[in-house]
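I set out to go through this model chain by chain and to write down what I looked up.

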Amino acid sequence: MKFKINRDHFANGLAQVLNVVGSKATMPILSNVLIEAEKDQISLTTTNLDLGIRCKIKAEVKEAGTVTLPVKRLASIVRELPNTDVTVDAAPNHQVKLSSGGSTFRIMGIGKEEFPPLPEFGDEKAFTLEQSELAAMLRSVSYAESQDETRYILNGVYFNFKDGKFSLVATDGRRLALMSKEMDVPAESSGSIILPAKTVSELSRLLDKGEKVKINFNERRCAFQIASNKDSSGLIDSIYLYSKVVEGNYPNYNQVIPKETHQRIKLERQLLLDCVHRAALVCSEKANQVKLKLTSNLLEITAQSPDFGEAHESMAVNYSGPDLQVAFNPTFIMDPLKALTKDEIFFEVKDEISPGVFKTLDSFVCVIMPVRLT
Amino acid sequence: MPSIRILPDRVANQIAAGEVVERPQAVIKELVENALDAGATRVEVEFSHGGRSMMRVEDNGCGMSREDALLCLERHATSKIIEADDLNRLGSYGFRGEALPSIASVSRFTLQTRPQGSESGTEVLVNGGRLLHVRDCGRPVGTRIEVAQLFHPVPARRKFLKTDQTEAAHIVQCVRLYALACPGVSFTLIEDGRVLFRSPECPRLLDRVGEIFGRHFTADLVPIEVREGDMVLRGLIGKPVAARPTRHEMISFINGRPVDSRTVNYAIVESYHEYIAKGRYPMAFLFLEIDPAAVDVNVHPAKREVRFRSEPQVRSFIIRAILQRLRELGQAASPLLGAQTEPARQAEAGGVQPPGSAPVAGGAAEAAGPGGQAQGMQPAPAATVSALDAAGRVIKVPAFSAGLEAAAADRLPGAGVSSATPQQPIPSPRQAAPVLTAWRFIGLAQGSLALFEAPGGLVVLDRRSALERIWYERLLAQHGTGALAVQRLLLPSTLELDPVASALVKDRLGFVQAHGFELVEFGRNFFRIEAVPDWMEPGDAVDFIRELAGALRDGRFQGRDERVWHEEYARLASAKAVRLSQRAGEAEMLGLLRDLFLTRAPLTSPQGRATYFELSQGELARRLQI
């Protein structure tokens, strides 16, 4: 195998696949990247068995072939090479010579035989989405994923294609974020998957490289083909992301979203975020809540911690309902506010034990459960 | 029909011997006690074949005249009490006047004694209760008693003796106890001509403990001395980290008498309950001094058992005293407590003085204050609580200030009155915030460990144990203030319990709710968890309630003392509250240390595991031979 490649293209390609390495010491091959050279391109593949990424970069291939190299180390070497022209030459014993300008590296590789191939997909359910839209939707919900590994069902984002709607849901049992859009969903293609948190973060990182993203899935696994035509850094064709899905039943989220609206206030997103953020500065591990108090046309936000002090913020709102007061974990308020981009949001509350609900005009819902002081 | 008759003395003595002389060790006990009662400063004990063939106790006490030497072999002849009322004022070990005649009736008994001022000594030989001869003999002042062929007149008893090794072990243990009880008396113990131990007169209990149990042992002991009313508790207690698998190092003395008191043992174990894991026991060498009238030692001829007039009072006094000391240790636990905190702590120590001794306390605080700043270990002249306090600190830093321990212990005998006030205010966190400026966080290891470089060496911290301790106290405090944040759940968890657990949980629903759970029963043995304390991950709630039900089942929430329940709850909950971050910065880790040192017992987790240990520079140098 022998090819010539632009250093920055090579580095960019490696950066796409870099994050996916196996942690098992028993399979050292999983910390390697599979490099396959053919025609005018090389493809780079990494996998940790649960998740795999493959991208293609243009290169001047002199001799087709394959080899695997330690990806982290290779990426840091490539980034630092002195010259933009890089020549890669693999000997049959898997020793790779990497030269650029005056520097030459010899790197020990492993043959491709041990490298587990990424499963290819056939005729599963398939949908095509706008990359920018999927990215925005993921951003709006993914913060609500559970971090608690004992509830593995909730460690991810739920993709639901059903009844003419595509919905993304994430919840950790105390809050839930839902973003949906109208979409043509043929009955035979309707279905749902839970995408693991790690895949969600990789996917979010890879999106926005082109226009379309195609998703294929069945009950056990899924794949994303992320078009990379917008990208000028050497990536060609599309990036292929393969992932296992979390198997299990996602909780019935429709049931926990309040159907009725009691008190609704319109708020300026950034303003509310700033106020809560400031108030939360006094919170501590022992006292991690902010109190929202609604009186006629006034929203007061207070927080206090016994060993530090207290904060009081007030903002004018358009409100004429009864006085009420409710406390929340400040993170639960700030997370959706940070993720959204709309300037205007709606907040619905009822009383101190009922959930608070954030909404926007484009079918976004975030339900957060209050904290009560006994 | 046989007629009733009074038994001859010899027979009566043999019957009494059955009670008094259970085994050879009992003979040694009686003779050593007599020696100590006679004011001896040197006691030599020798035995062979587990005491079966020969036992000899020799002392340099006051000795006896010929008349006394003969009289002491009569039943109920004693010099130790005169009237019944004396039983309420016992200052001596013996008083029943039964021991010598009993022993003499079942052995070949030789008594040699010479009082001060007499030209020659007396030798009395009794065999199986029959006086064989009385004659002059030469010997130094004091008494020597040799008991040979024990139980030869009652062969049945001989058969009940255990192996020589077992009997010897009992004798050794017995002599050790008296050696501990009287550090000021030199003891020699000889078995079959071989010296088992020889301890010179020791100025301090600590030295005696070292002589008997080994020097390394003493590093884990700290002095304690607390007086309350007419009760005094003094001695040595083990640091929580030095827990033992058996009770063998839990030794107590009441008015100098080694006893096996359930009350005292229970109180010791109870005091350590927060500090030591289940199934492990603290070390303790405790001397309880109490008005002789308030304690009855005349329960059993061997006097190993005692009864207190007011058991609860004694027990709570011991618990309070030990707990207070353990907390002091905990507060002084940080090997880095800076000078800033010293005055505050001194002031506080002064604050618990009874009003009468306030001036002294003030003086001590002043005296100890600058000392504390200069290292916290200059001896305070008028040592009171503050001195103890300072002593505590000194002992807490053994690794970094080797050799100063002795100085601390030296001061103990001089330590005067202190009061164990149970409601002693816990210092507010701000007051005692330790200074960690010279500390450097090195990194994480083995997942849960954190390594620090301290001015005097290395510190290895178990983050899990540390966090458990912090959370434990935080949860306890939270309950006290009643400000408990409850996070309602969006997706309630459901839980099925077996019928017994379900009934127990239902019984205690109020208690569970008071700790921040909203548990709603829906259907038989099914519960829905609708809210959890805000620190808990919703996913842990089901497991936790199950554990709680298990604990209820084990009877860990019995009794009426709600405080105990809360402690038990906090212990369970603290294990759940801990979340270890995989990556941790210096600020976070030093913060963790600081939080830990602000707790009442930073040395151990609520389960009794050690939270950290130190490797001093000296230790490192020794191990690496640099």
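**Conventions.** I am working with a predicted model, in which local features need pLDDT of at least 70 and side-chain atom pairs count only at pLDDT 80 or more, whereas totals for chains, interfaces and linings use all residues. I number residues from 1 along each chain as its sequence is written, letter chains from A and number ligands from 1 in the order in which they are written, and take side-chain values from heavy atoms, with hydrogens and water left out.

**Chains.** I counted secondary structure from DSSP runs, numbered from the N terminus, with helices being H or I of at least four residues and strands being E of at least two. Chain A has 6 helices and 26 strands, while chain B comes to 21 helices and 22 strands. For burial I used relative accessible area, with buried under 20%, exposed over 50% and partly exposed in between (1.4 Å probe, protein chains only). In chain A, 55% of the 374 residues count as buried; in chain B, buried residues make up 55% of 626.

I then looked at contacts, meaning heavy atoms within 4.5 Å. Taking contacts between residues at least 6 apart in sequence, I find that 65% of those in chain A join residues at least 24 apart, and that the share in chain B is 69%. Accessible areas come from the Shrake-Rupley method with a 1.4 Å probe, and for residues only the protein chains shown count as cover. Chain A exposes about 17,000 Å², with carbon and sulfur atoms supplying 46% of it, and chain B has an accessible surface of about 27,100 Å², of which 53% belongs to carbon and sulfur atoms.

**Second largest pocket.** A pocket is here an open set of points on a 1 Å grid over the protein atoms alone, where a 1.4 Å probe fits and protein lies on both sides within 12 Å along at least five of seven lines; lining residues have an atom within 4 Å of a point. Grid points are joined across faces, edges and corners, and the volume is the space filled by probe spheres set on the points. The second largest pocket has a volume of about 850 Å³. I list 32 lining residues, of which A:Glu285, B:Trp471, B:Trp535, B:Ala577 and B:Arg579 lie nearest the centre. Two or more lining residues come from each of helix H6 (330–339) of chain A and helices H15 (463–481) and H20 (586–597) of chain B. By class, I note 11 nonpolar, 8 polar and 13 charged residues in the lining, where Ala, Val, Leu, Ile, Met, Phe, Trp, Tyr, Cys and Pro count as nonpolar, Asp, Glu, Lys and Arg as charged, and the others, Gly among them, as polar.

**Ring pairs.** Rings of Phe, Tyr and Trp (its six-membered ring) pair if their centres lie within 6.5 Å; planes under 30 degrees apart count as stacked, over 60 as edge-to-face and the rest as tilted. My search of the whole structure gives 20 aromatic pairs over all chains. One is the tilted pair of B:Phe441 and B:Phe452, 5.5 Å centre to centre with 50 degrees between the planes. B:Phe441 lies in strand S16 (residues 440–445) and B:Phe452 in strand S17 (residues 449–454) of chain B, so the pair ties together parts 11 residues apart in sequence. B:Phe441 is buried at a relative accessible area of 10%, and B:Phe452 is buried at 0%.

I also looked up B:Phe597 and B:Tyr612, an edge-to-face pair at 5.8 Å centre to centre and 90 degrees between the planes. This pair links helix H20 with strand S22 (residues 612–616) of chain B, 15 residues apart, and both B:Phe597 and B:Tyr612 are buried. In chain A, ring pairs link A:Phe127, A:Phe159, A:Phe161, A:Phe166, A:Phe217 and A:Phe224 into a cluster.

Which residues does B:Ser465 contact, leaving aside neighbours within four places in sequence? I find B:Ser605, B:Arg609, B:Ala610 and B:Thr611; B:Ser465 itself lies in helix H15 and is buried, with a relative accessible area of 0%.

B:Pro153 is in the loop between strand S6 (142–148) and helix H5 (155–160), partly exposed at 28% relative accessible area. B:Ser105 is 48 residues from B:Pro153 in sequence and 8.0 Å away in space, C-alpha to C-alpha.

Helix H21 (residues 617–624) has 8 residues, of which the number buried is 0, so the helix lies largely in the open.
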